[in-house]
Amino acid sequence: MFEAIEKFAAKSVTLKEARENVENISLVKEIGIYIVLFLILYFFMVLVVAIAGYCLGNIDNFLISLFSFAVVPVGIYIYATKIEKRSWRSIGFSKGNAISSTLKGALIGFSMFLAVVMIGLALGQFTFSGFDFSQAIYALPFLVAFTIQSFGEEIYTRGWTLTYFSKRHGILTAILAANIIFILPHCFNLGFDLLSIINIFLVGTVFAVMFLRFDNIWICGGAHTAWNFSQGIIFGFSVSGAPTPSLLKFSQAGQNIIAGGIFGPESGLIATGVIVVSLIIMMYYKI
């Protein structure tokens, strides 16, 4: 497993560009810089949510919070290019394959969650109660919002955190750091538990391997968007503890370790199995 990851990393143009002109700084300063940027981005995201909530009033708070992730790529772009003097390519923004890679990622993300649903139905852990096409009006706003949120998280965790720590540390340490940061925003979500941590860590590893193997951020953003959008808007499950409008009405037959709890299927063993299989395929099989 580790050998496969190291192999992908060795061939990555993204990591190669990220490691150019690396400043030799202490670990304390390195972590300090990271924390300061994190706090600045978090402050502006909270500010966006507060202003939008005040101005728009009755707009869904979850939808507003998703749109607030637009702050992330702007902040990372300014810091990486103007202060670190890095290229946008060193964050994973490859040229010429943005649409194809994003669509490929979307297909992977949708297929992963579809597998979760199919297994859950087969095991009697999920139930289907019909359609509600009146909710279609919410599909486009949430698609845009989940795209912004998912790409924002991927740019921050895989595009910047992973490449930032890989400049002076091994790729496995960089993936670990990115996964920890990926987990943190979910800690305050409804129903967050130990299995949620495990599954988010595992899916973060899938996205990291995807990032390294295909050498771009587009495919990660596409997969992340499709996973969240299909989980909520298409199938009607909670997205990391947050309910959304949905076209199809699926639900967990019970809140347990197999199906998942209040957090949704992401805190269940069915999702664990699908994510592990996806990780193996991502590392060892042609896609």
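Predicted model: local features only at pLDDT ≥ 70, side-chain atom pairs only at ≥ 80, totals over all residues.
Which residues of α3 are buried? Residues are numbered from 1 along each chain as its sequence is written, and side-chain values use heavy atoms, with hydrogens and water left out.

**View 1. Helix α3 and its buried residues.** Helix α3 covers residues 27-56. Helices here are DSSP runs (H or I, at least four residues), numbered from the N terminus. The 30 residues of α3 should span 44 Å at 1.5 Å a residue, and its end C-alpha atoms are 43 Å apart, which agrees. The expected span is 1.5 Å times one less than the number of residues. Glu 30, Tyr 34, Leu 37, Leu 41, Met 45 and Ala 52 are buried. Buried means under 20% relative accessible area, exposed over 50%, and partly exposed in between (1.4 Å probe, protein chains only). The buried residues of α3 pack against α4 (61-67), α5 (71-83), α7 and α8 (171-183). An α-helix has 3.6 residues a turn, so residues three or four places apart point the same way.

**View 2. Glu 30 in helix α3.** Glu 30 counts as buried, at 1% relative accessibility. Its contacts (heavy atoms within 4.5 Å) are Ile 25, Tyr 164, Phe 165, Arg 168 and His 169, leaving aside neighbours within four places in sequence.

View 3. Asp 193 caps the N-terminal end of α9. A side-chain oxygen of Asp 193 lies 3.3 Å from the backbone nitrogen of Leu 195. After α9 comes Asp 215, with a positive phi near 60 degrees.

**View 4. Phe 211 within α9.** Phe 211 counts as buried, at 0% relative accessibility.

Phe 211 within α9. Phe 211 counts as buried, at 0% relative accessibility. Phe 211 and Ala 52 are 159 residues apart in sequence and 33 Å apart in space, C-alpha to C-alpha.

**View 5. The crossing of α7 and α10.** The axes of α7 (residues 139-166) and α10 (residues 218-234) come within 8 Å and cross at roughly 135 degrees. Axes are lines fitted to C-alpha atoms, for helices over the stretch in contact, and angles run from 0 to 180 degrees between N-to-C directions. The two helices are therefore oblique to each other. Angles under 35 degrees count as roughly parallel, over 145 as roughly antiparallel, 65 to 115 as roughly perpendicular and the rest as oblique. Residues in contact include Phe 146 and Gln 149 of α7, and Thr 225 and Asn 228 of α10.

**View 6. Asn 228 in helix α10.** Asn 228 is buried, with a relative accessible area of 5%. Its side chain makes a polar contact with the side chain of Gln 149 (3.1 Å). A polar contact is a pair of N or O atoms within 3.5 Å; within protein, one must be able to donate a hydrogen and the other to accept it, and residues adjacent in sequence count only if both atoms are side-chain atoms.
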